[in-house]
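Biologist: Please take a close look at one part of this model, its aromatic side chains. What lies against the rings, and how are they arranged?

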Amino acid sequence: MLLEPQEESRMQHFVADLLRYEDALVEPIEPEGLEVLAPPDVQRALGMGELSRLGFGATMPSGAQRVGMEGDWLDRFARLLGSRGRWSRRVLTVETKAPNDPERLLGHELVLDNATYRLQSVTPAWTRYLVMDFRASAVSDDKRDFITRVGVNLATGALPDAVILALGPFLDRLEVDPVVPGGIKLPAMWNRARVVDLVGRALPVRLNVALDPFVKGLRRRLSRDQDRLHRYHNDLHHEAMHRALGSPAGDPKRTREEQRAEAIAREYRAKLDDLARQYATRVTVEWVQTLELVVPVHRFAVQIRRRKADRMIALDWNPLARRLEAPMCEATAGMERPRLVCDDALHLVVPAGLAPCAGCGRAFCRACHAVCPKCGVHG
Ligand SMILES: [Zn+2]
Ligand SMILES: [Zn+2]
């Protein structure tokens, strides 16, 4: 895979910065390359000689090694970085004017199919996000690497994917200060178990989205290969059966052709198993880094009403992304809309979180119950 021109130069900048930080001498060379004089520890970590040339573009400088997302370069850089940069904190102090027309913002973001709600107040507040990056590798007859990001708002528990995505460019550009201004109240840091539990639910959903094009490609090729196998064996089987039926029952020729047809069917099943093994995909995920991001927000206090019950929730409006964050699905941590509200605890869940039980058909809330309360059958 070749990198997009923009990623290419970002990769080159990253490598140049990292190598200079490690006391290597680095000179840009054309086209899109670096000439590096590396000290011994850098040579060891990156598996390169004292003097080497690295190339990042489609055209390589002469005598250069290609550096990219593929191959083991990311692992080599990780070796050089060690644990540095894996945890960082940024405090963004920005001018925060309250959003215009909060009712309209809320109406756009909070879509409940079986409940009503009322906005009670909008107040300035601070929050912190944990923005966690994971590297996933999917390996089958092909291999791909992905970076998947999960961000959580520690004050509201929201998983605001759209806001986190929109914040991306700000993180590089804004002047930041690692010190939280005095007198502000931040939500408490979550303990490890709570973060791990959330990541365990939020990451698979997001990985599936990231993996989708890769998996679709595999499925397409698998189904094409299955069709080809089927056509081939079907024709052979058909011919053998045709020949068998041309002789009377009990005739040795007929028996021989029937046995041949059985052997063809067995071979077909074995070939199908081989294909399934060939396309089986193994996905490994590794935590890369966490950014703690402290940001002023405007907090919406919203009352959810379902039948005779009500419940208060908080949603933050982020002034950098200029967006209100959707509430987290309390059952699946999924991203789709709308949300439904459960009867017992007024949990906000995606439709799958209130779907009928696979065993008895009764709908139940997956945030209230791990298994169906009526029949005890999972799902
Ligand atoms: Zn059930
Ligand atoms: Zn519930």
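Modeller: Arg 194 lies over the face of Trp 190, and the distance to the ring centre is 3.7 Å. This is a predicted model.

Next come the contacts of ring with ring. Two numbers describe such a pair, the distance of the centres and the angle of the planes. Searching the whole structure gives three aromatic pairs. One of them joins Phe 14 and Phe 77: the centres are 5.7 Å apart and the planes stand at 90°, so this pair is edge-to-face. Phe 14 is part of helix α1 (residues 5–21) and Phe 77 is part of helix α3 (residues 73–81), so their contact ties together parts that are 63 residues apart in sequence. Phe 14 is partly exposed, because its relative accessible area is 34%. Phe 77 has 3% relative accessibility and therefore counts as buried.

Phe 146 and Phe 214 form another edge-to-face pair, with 6.4 Å from centre to centre and 75° between the planes. Here a strand meets a helix: Phe 146 lies in β7 (residues 143–153) and Phe 214 in α6 (residues 192–245), so the pair ties together parts that are 68 residues apart in sequence. Both Phe 146 and Phe 214 are buried.

Notes: Residues numbered from 1 in each chain as written. Chains lettered and ligands numbered in written order. Predicted model: local features only at pLDDT ≥ 70, side-chain atom pairs only at ≥ 80, totals over all residues. Heavy atoms only, no water. Phe/Tyr/Trp six-rings, centres within 6.5 Å; stacked < 30°, edge-to-face > 60°. Helix = DSSP H or I, 4+ residues; strand = E, 2+ residues; numbered from the N terminus. Buried < 20%, exposed > 50% of the residue type's maximum accessible area, 1.4 Å probe, protein only. Lys NZ or Arg CZ within 6 Å of the ring centre and 35° of its normal.
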